[in-house]
Amino acid sequence: MNLSFSPEYEAFRADVRAFVAEHWTAADAAATEVDPDSVAAMTGAAVRTDERAASFRTLAIERGYLYRHVPRAYGGSEQPPDPLKAVIIAEEFKAAKAPFEIMGQGPSMLVPTLLEHGTEAQKQRFVRDTLVGKIRWCQGYSEPGAGSDLASLRTKAELDGDHWVVNGQKIWTSSAQEAEWMFALVRTEPDRPKHDGITYMLIEMNSPGIDVRPLRQMTGDVDFSEVFFENVRVPADGVIGERGQGWVVSRSTLKHERALIGNAALQRRTFDGLLLLAQTVELRGGRAIDDPVIRDRLVAVETRLLAAERHGQRLLTLSARGEDPGFAAMVPKLYATGLSYDIAKLAMDVQGDKGLLAIGEEQAHFSGMFTVAYMWSLGILIAGGTANIQRNIIAERGLGMPREVRK
Amino acid sequence: MDFGLSEEQVLLKDSVRRYFEGECPTSRVRTVMEGSDGHDVGLWSGLTEMGIPGLLVPEAQGGSGLDLLDAALVAEEMGWACIPGPYLACVMATVGLLAVDDTSVAARLLSGIAAGDILATVALGEDGDEWDADRVQTRVEGGVLRGTKPLVPYAASADVVLVAARDAEGPGLWLVERGAGGMTIAPLEGSDMTRRVARVTLAETPGTKIASGRRAIDRARDAGLVLLAADAYGGAQRCVEMTRDYVLTREQFGQPIGAFQAVKHQLADLATQLEPALSLWWYAAHAYDHIPEDAARYAALAKAHLTDLYDRAMRDCTELHGGIGFTWEYDLQLWFRRAIFDRAFLGDAAHHRQRAADLAGW
Ligand SMILES: Cc1cc2nc3c(=O)[nH]c(=O)nc-3n(C[C@H](O)[C@H](O)[C@H](O)COP(=O)(O)OP(=O)(O)OC[C@H]3O[C@@H](n4cnc5c(N)ncnc54)[C@H](O)[C@@H]3O)c2cc1C
């Protein structure tokens, strides 16, 4: 175990800092200022994807700072895995408010899937533009009748000459309104057993026959939608992997989605806000943080957050060493789900009676952003495979317990 | 940077595990539990041959000069195998001695510890659940100690006791030898008879001052906190594994009970909470030697969190065993008792969370 920054790393940090100072000016940083009270800041959605940010990212990729796991040929910077360098880059970029790797469905889920299963042409066509935010993606998996039991999906695609013709409906599709493309699971082999008849398809969102109908979430925001397909034509080569192999391909996307949700950065941000809140809010004649019960709960949730962060370092170390993380990689999503809830619930309690005020109400602390976190802790519990589905996976694949009967 | 164990550390863990598997099945644990002093001299001398008591002793004194993380990995294995004996006392005394002012006395004792000739323990806590150096009531005047130490590990077996006390200058550490005048040692019955404690009364007992101030006391306590966390982790993981194996074989309603979703989810939740906690105590152990600003606080956090989890693990695992889990004969209860010890010794979880909040300057 060695957590110190050797001279080599100190020099690396200086390089990164100099690079960022040169290419992302104070004026750029000022223009990036997101409203800290905003819902966007809370959910991590405030990411600049404009031209200026894209050109900075391109430079940063050239220098080997972003998308280090992605080959140069497809727009990454192809660096040997080095968790400490990754940490240094993230810290320096964050300090300078410089555009960092874009998270979200495209770069974090589709790109790894493409790298694993895509054709050369697909990788060339999509990876680079996705990494710099030029192509935004949405994930078309869930349907009204297919949630946890995703493989029962019914949106179908039939081959008609050199095109697929897609009919059906997706639901809960996050960012469907903004996205240029969708990666979707569709049924192409209706006669085969349900897992064997699915194909992984890339669909352009402005294709004729697509109808996106936004749905309002419990937070009040519009972030996910229903997506209807009526005779939507998709070129025959717009599939990843073999026809009928979509289930296998989708497994790798889901793995990455869970890693994304399990990442502790979001919980850290909410916790830091909570700590500030507890130190400033007055409750019953004193600082909230001086209340012994609140103080105890604060340390208890911080401890779990620290464990999650150190666990992340352990996973990075395992991957840098080329060792199989096994069970350790299965737990982050379920762990983060419970932790997010407890952080957000404590933040609600720290506000005392003011906690009842709505998101956006001026009298609310931080404009009610903790109510957003409180609600979103349920969003991440459900999205990407519910907590109970995670428990099934952890018990069956992780602990070797009997698989449940599935029809 | 690398947040993982070295090859040597993995080897150390493996060799300790193999030694316990071969030498200390739970039948032997039970024999030691029922014995008078809870100290299995044969087992301890085997550990001495492997260099375990001397892990933290500098090479100049015949030890290996390793870090607390190495010692904690051994504690994890002891938690896993439910190993009885004075290891915790030994490590706490060792790190206390490494922090004293009188280095010649310390050097003599440290060589004795590494060689297995001297069993040392520490007397820190006092009545009223007081584990803080600044609130020590045991007094020293004219070279003699006066006070009571209600929960001293392995006092009855120890050759020397390092006593936290105070004189006109404030808190410090005194060395009291076995058989010193006015010292009475009353062994107590603990729930966990694999880690013995005794009530030590000092009445005009002669002792030698070896450290001034609270540093040596704090170092001993913080090392103890990390070791308890590691023990709790090892024990909890073992019980999850035992329980997993049990629910795969026990059948009810015509199927293994492990096929029921409620059972699967209970175990999955437990294992999910435990897994990241490993990294917490690893970091606490690493910080103890290498990141001074985090050392005390992480020791407190790790002890609080891991012993809370151990409690939960033992409840869930016992529940999933049904009636057999509630019996004396079934081994699970041995770990249940260790969880009780780990939780209470050196102060409970809430106490350490309060300390952690203070240490953060909140
Ligand atoms: C904020 C948000 C964003 C989302 N974004 C997307 C997106 O971009 N793209 C997309 O495709 N989908 C998205 N989803 C959908 C999400 O993946 C599904 O909601 C989820 O998989 C659950 O499916 P369901 O809603 O049909 O619930 P159901 O499957 O009907 O589940 C209802 C309840 O039953 C439980 N349950 C079901 N089966 C089992 C079982 N075998 N064992 C135990 N319990 C079980 C579940 O745990 C849950 O508690 C999003 C959802 C949310 C909340």
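In the predicted model, 20 residue pairs are counted in polar contact between chain B and chain A, both partners having pLDDT 80 or more. The elements of chain B that each give two or more residues to the side touching chain A are α7 (215-249), α8 (261-290), α9 (292-321) and α11 (349-359), and the largest share of this side, 19 residues, comes from α8(B). By class, the residues of chain B on this side comprise 24 nonpolar, 11 polar and eight charged. Seven salt bridges are found across the interface of chain B and chain A, including one between R314(A) and E275(B), in which the closest N and O atoms are 3.0 Å apart.

The contact draws 43 residues from chain B and 47 residues from chain A, and the two chains bury about 4200 Å² between them, with 62% of this area on carbon and sulfur atoms. Of the area that chain B buries against chain A, 23% is supplied by M1(B), K264(B) and W362(B), more than by any other three residues.

An N or O atom in the side chain of S148(A) is 2.6 Å from an oxygen atom of the ligand, while a polar side-chain atom of Q105(A) lies 3.5 Å from a ligand oxygen atom and one of N392(A) lies 3.4 Å from a ligand nitrogen atom. Taken alone, the ligand exposes 970 Å², of which the protein buries 69%.

Note on methods
Residues are numbered from 1 along each chain as its sequence is written. Chains are lettered from A and ligands numbered from 1 in the order in which they are written. This is a predicted model: local features need pLDDT of at least 70, side-chain atom pairs count only at pLDDT 80 or more; totals for chains, interfaces and linings use all residues. Side-chain values use heavy atoms; hydrogens and water are left out. Contact means heavy atoms within 4.5 Å. Buried area is the accessible area (1.4 Å probe) that two parts lose on being put together, summed over both. A salt bridge is a side-chain nitrogen of Lys or Arg within 4 Å of a carboxyl oxygen of Asp or Glu. A polar contact is a pair of N or O atoms within 3.5 Å; within protein, one must be able to donate a hydrogen and the other to accept it, and residues adjacent in sequence count only if both atoms are side-chain atoms. Helices (H or I, at least four residues) and strands (E, at least two) are DSSP runs, numbered from the N terminus. Ala, Val, Leu, Ile, Met, Phe, Trp, Tyr, Cys and Pro count as nonpolar, Asp, Glu, Lys and Arg as charged, and the others, Gly among them, as polar. Accessible areas come from the Shrake-Rupley method with a 1.4 Å probe; for residues, only the protein chains shown count as cover.
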